Amino acid sequence: VSLMWDTPIDVREFVLHGISADSTAGTTIRVQDSEILLYYQSNEVARIKSTGRIRAEGTRVSLPITRIDSAKIVVTKFFGTIYHRRVVGLAEVETIARIH
């Protein structure tokens, strides 16, 4: 997942939401781990190397307040399927931040 803002933000937390299981649709995906890369003016300013398991109800990832204008979330470990296909995804990404 790549996120970009025209105006820089001071981020203090991400909330990552996993995709809910749906056995009738063949959706059993479980994101076991991911990393978050944070950028300001195209330079990496921080990296969260491990978020741990992402829950459907949301997994909070706190960090020191960091000024960014883009972020990338990379799933590094998962199992299961979405609509019977072995692919990965997240349901939602929230940023807890303020505009700089």
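**Exercise 1. Find which strand E2 joins, and how they run.**

Step 1. Nine bridges join strand E2 (residues 30–40) to E4. The two run antiparallel.
Step 2. Check one pair. Arg 30 has Phe 79 as its bridge partner in E4.

This model is predicted.

**Exercise 2. Find the strands that pair with E1.**

Step 1. Take E4 (residues 59–79). Ten bridges pair it with strand E1 (residues 2–17), in the antiparallel sense.
Step 2. Locate a partner here. Leu 3 is bridged to Ala 71 in E4.
Step 3. Take E5. Eight bridges join E1 to E5, and these strands also run antiparallel.
Step 4. Locate a partner again. For Val 11, the bridge partner in E5 is Ala 97.

**Exercise 3. Describe the largest nonpolar core.**

Step 1. This core has 15 residues. Phe 14, Leu 16, Ile 36, Leu 38 and Ile 68 have the most contacts inside it.
Step 2. Trace the sources. E1, E2 and E4 each supply at least two of the core residues. E4 gives the largest share, five residues.
Step 3. Follow Phe 14. Leaving aside neighbours within four places in sequence, its contacts include Leu 3, Ile 36, Leu 38, Ile 68, Ala 71 and Val 93.

Technical notes: Residues numbered from 1 in each chain as written. Predicted model: local features only at pLDDT ≥ 70, side-chain atom pairs only at ≥ 80, totals over all residues. Heavy atoms only, no water. Pairing = 2+ DSSP bridges. Helix = DSSP H or I, 4+ residues; strand = E, 2+ residues; numbered from the N terminus. Core = buried A, V, L, I, M, F, W, Y, C linked by side-chain atoms within 4.5 Å. Buried < 20%, exposed > 50% of the residue type's maximum accessible area, 1.4 Å probe, protein only. Contact = heavy atoms within 4.5 Å.
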